[in-house]
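Notebook open, viewer open. I'm jotting down what I looked up, entry by entry.

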Amino acid sequence: MSYVITAPCLGEKFGECVEVCPVDCILEGKDMYFIDPDLCIDCGACQAVCPVEAIYHEEDLLPEDEIYIQKAKEFFASAE
């Protein structure tokens with residue numbers, strides 16, 4: 001399991017999450033940030049500093065936010 005960045009990040013992109021990630025698994029996309037689910041170590045540092053409360057643990061996502069799991073996977077698949 002990993003953390004997932006959701007809709008409140010769209011168009012905001014503050015970036016505090018990137019600065020605190022100990023494994024550098026958060027990258028900037030065109031309109032939001034994404035967490036690499038294969039690298040995330042579930043530390044929660046990103047969630048604690050997100051000013052728009054866009055980051056949730058995968059297990060805590062609302063059904064309508066589960067699409068962001070796939071968006072992150074697609075983002076990192078295209079970045080390879």
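Before anything else I need the burial cut-offs: I call a residue buried under 20% relative accessible area, exposed over 50%, and partly exposed in between. I also keep in mind that this is a predicted model.

**Entry 1: salt bridges.** I searched the whole structure and got 1 salt bridge. The partners are Glu28 and Lys13, whose side chains meet at 2.9 Å, N to O. I then checked where they sit: Glu28 belongs to strand 2 (residues 26-28), while Lys13 is in the loop between strand 1 (3-5) and helix 1 (16-20). They are 15 residues apart, so the pair links distant parts of the chain.

**Entry 2: helix 3.** Helix 3 covers residues 67-79, and at 1.5 Å a residue its 13 residues should span 18 Å. I get 19 Å between the end C-alpha atoms, which agrees.

Next I listed its buried residues: Tyr68, Ile69, Ala72, Phe75 and Phe76. Looking down the axis of helix 3, I find these buried residues within an arc of 130°, so they line one face of the helix. What covers them? The cover includes strand 1, strand 2 and strand 3 (33-35). On the face turned away from the buried side, I noted the exposed residues Ala77 and Ser78.

**Entry 3: His57.** I found His57 in strand 4 (residues 55-57). Its relative accessibility is 13%; the cut-off for buried is under 20%, so I count His57 as buried. Which residues does His57 touch, once I leave aside neighbours within four places in sequence? My list for His57 reads Met1, Ser2, Tyr3, Asp42 and Gln47.

**Entry 4: Glu53.** I looked up Glu53 in the loop between helix 2 (45-49) and strand 4. Its relative accessible area is 59%, over the 50% cut-off, so Glu53 goes down as exposed. I also took a C-alpha distance from Glu53 to Glu12: 11 Å, with the two residues 41 apart along the chain.

Terms used. Residues numbered from 1 in each chain as written. Predicted model: local features only at pLDDT ≥ 70, side-chain atom pairs only at ≥ 80, totals over all residues. Heavy atoms only, no water. Salt bridge = Lys/Arg side-chain N within 4 Å of Asp/Glu carboxyl O. Helix = DSSP H or I, 4+ residues; strand = E, 2+ residues; numbered from the N terminus. Expected span 1.5 Å × (residues − 1). Buried < 20%, exposed > 50% of the residue type's maximum accessible area, 1.4 Å probe, protein only. Arc of directions from axis to C-beta. Contact = heavy atoms within 4.5 Å.
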